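Dear colleague,

Please find below the structure that I am handing over to you.

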Amino acid sequence: MRRPPDTEGLLREAAPRALAAVVRRFGDFGESEDAVQEATIAAAEQWPAQGVPESPVGWLIHVASRRMTDRIRSEAARRGREDAVAADRSEAPAGAGEPGDAGGSDDTLLLMFRCCHPALTPASAIALTLRAVAGLTTAEIGNAFLVPEATMAQRISRAKKSIEASPEPFRMPAEEERPERLRSVLRVIYLIFNEGYVTSAGPDLARAELAAEAIRLARIAQLALPQDPEVAGLLALLLLTDARRPARSDAAGRLVPLTEQDRSLWEREPIEEGVALLAKAVAKGAVGEYQLQAAIAAEHARAARPEDTDWREILGLYGLLERVTGNPMVALNRAIAAAMVDGPETGLVLLAELDDSLEGHHRLHATRAHLLEMSGDAVAAIAEYRLAADRTNSLPEQRYLTTQAARLNERRA
Amino acid sequence: MKFMLLQDYGGIMREGVPVMSEWAPAAIEAHITFQKDLNAELRERGELIEAQALTTPELAKFVVSDGATSPVITDGPFPESKELLAGYRMIDVESTERALEIAARASAAPAHDGAPIQQAIEVREVMGPIEH
């Protein structure tokens, strides 16, 4: 028995892994979660007094499994279905539930696949992943997404029901399905990060923690799949992007664009880790969208000053990224990179090609405004900034765009 | 994506619907039950943030202040009372399409005769910290 360094921290790490193992064994998501929850409460009471067990995960699995078995027995007694249960239990692997049976990374991966099930909507998958894998409470998740706890509880419980109703058993997806399923997992982690990566000021603090959760989830995925270059690419991307957070908004919570950020505020440690992860991933030779995005973020991180940025390299990377994803939003960024390499007119020509696919989208107007400003056409830039400001559904973005228009307008007067 | 679904005191697009105080009690009951059931359904789906009905325009007040002298407070009734808000639902849904679907359901609440009242529902997305 070790002395407890930090029971709460240990439990936060251990509970999701225990849950993964218990769900794998018993199948029932909701019941397993209750059982692990009870085991966690017991641990929080016992560990500080009696010391932390050798294997915290194993301890939780053992206690939770015992509760599950008790529950199944009493349920079976009630319904008179002892035979069925006996048959179920005989299938359990020998030695299961013993302390030391630490829920492995395979179990966690399985849980991730399950929580990011294709039958779920993105919002449900996000909520369930944060609950079951990241171990956040329903209240914390509700808080982060600015919805009442009861609403979030319903969303999570519906999500559980719909994956329990799906015919897929709790096992690893077949080899041929795995790339697609992994893409869903990475997408969910990316979306969680995106929700959190806004500003670290004031009331949005709860959201900022989502970015940290996403990085934690990406680490879990990377531990489970250390050889997968896209998993490493995603983790690298999140680290490289999050490193810029201290510079991304000013004290008043206003967005600061990349070229105007105080680069001395960028955090070196995550940048170094991200760059190293990326280098190892890229060496495997299977390039994908997250590695490419991470490579672009790394290029920005490499430039000590904005004018040191290797825009030609970034332009090439956006070209590749556009080919891999076919996403018109990527084409917008490529237009900006092209403008930085060959001048704003080149960028504006590229933007004109996007008029159909991105018609009326605020990003198209915002990018055009930026390039028009670069070319010295303030009048047209103001009009485009205003169009963009009227069309965005993001408050910080609207504030930024309105201020850009006002700034140019003032300079003209 | 969060949306506010707003409905005001006017905005009943169907001709010949009398004011609610002239409906049969059972028709009023059916209308209220419909609203409650819709809220319960949205709550159960994890989509409802809040639903509120507001007191009548008769109880509304308008306040204007210049920040220095005492504010000017105007009591109802107001000639433009039909444009005042009657109630709202705040929802958090996956898509604009889903918000419109819910608005359509709300619009078709039963009128005095049980047929849909065809209430105009204003659908407004709430500004968020990031774009969706």
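**Chain B: overall picture**

Of the 132 residues of chain B, 15% count as buried. A residue is called buried if 20 or more other C-beta atoms lie within 10 Å of its own, exposed if 12 or fewer do, and partly exposed in between, with the C-beta atoms placed from the backbone. Please note that this is a predicted model, in which local features need pLDDT of at least 70 and side-chain atom pairs count only at pLDDT 80 or more, while totals for chains, interfaces and linings use all residues. Residues are numbered from 1 along each chain as its sequence is written, and chains are lettered from A and ligands numbered from 1 in the order in which they are written.

Chain B has two helices and six strands. Helices (H or I, at least four residues) and strands (E, at least two) are DSSP runs, numbered from the N terminus. Along the sequence, these elements of chain B follow the pattern β-α-β-β-β-β-α-β. The C-alpha trace of chain B spans about 50 × 45 × 25 Å along its principal axes. Of the contacts in chain B with a separation of 6 or more, 72% are between residues 24 or more positions apart. Two residues are in contact if their C-beta atoms, placed from the backbone, lie within 7 Å.

**The sheet of chain B**

In which order do the strands of the open sheet lie? The order is β2-β5-β1-β6 (chain B), four strands with antiparallel pairing. Two strands pair if DSSP finds at least two bridges between them. The edge strands are β2 (48-53) and β6 of chain B, each of which pairs on one side only. On average, neighbouring strands of this sheet are turned by 15° against each other, direction ignored.

The individual pairs can be described in turn.

- β2(B) and strand β5 (residues 85-92) of chain B run antiparallel and are joined by five bridges; here B:Gln52 stands opposite B:Tyr88 in β5(B).
- Strand β1 (residues 2-8) of chain B pairs with β5(B) in the antiparallel sense over seven bridges, and B:Lys2 stands opposite B:Asp92 in β5(B).
- β1(B) also pairs with β6(B) in the antiparallel sense, over four bridges, and B:Leu6 stands opposite B:Glu122 in β6(B).

**Two residues with positive phi**

B:Gln118 has a positive phi of about 60° although it is not a glycine. B:Gln118 is placed in the loop between α2 (96-107) and β6 (122-125) of chain B. With 15 other C-beta atoms within 10 Å, B:Gln118 is partly exposed.

In chain A, the phi of A:Leu146 is near 55°, a positive value in a residue other than glycine. A:Leu146 is in the loop between α7 (138-144) and α8 of chain A. A:Leu146 is partly exposed, since 16 other C-beta atoms lie within 10 Å.

How do helices α6 and α9 of chain A pack? Helix α6 (residues 122-132) of chain A and helix α9 (residues 178-196) of chain A pack at an angle of about 85°, with their axes 10 Å apart. The axes are lines fitted to C-alpha atoms, for helices over the stretch in contact, and angles run from 0 to 180 degrees between N-to-C directions. This angle makes α6(A) roughly perpendicular to α9(A), a term for angles of 65 to 115 degrees; those under 35 count as roughly parallel, those over 145 as roughly antiparallel and the rest as oblique. A:Pro122, A:Ala125, A:Ile126, A:Thr129 and A:Leu130 in α6(A) meet A:Val188, A:Leu191 and A:Ile192 in α9(A). By class, this contact has seven nonpolar, one polar and no charged residues. Ala, Val, Leu, Ile, Met, Phe, Trp, Tyr, Cys and Pro count as nonpolar, Asp, Glu, Lys and Arg as charged, and the others, Gly among them, as polar.

A:Arg305 lies in the loop between α14 (289-302) and α15 (311-325) of chain A. A:Arg305 counts as exposed, with 8 C-beta neighbours inside 10 Å.

**Confidence in chain A**

The mean pLDDT of chain A is 85, and 88% of its residues reach 70 or more; pLDDT is the predictor's confidence in each residue, from 0 to 100. Over residues 81-102 of chain A, pLDDT stays under 50.

Yours sincerely
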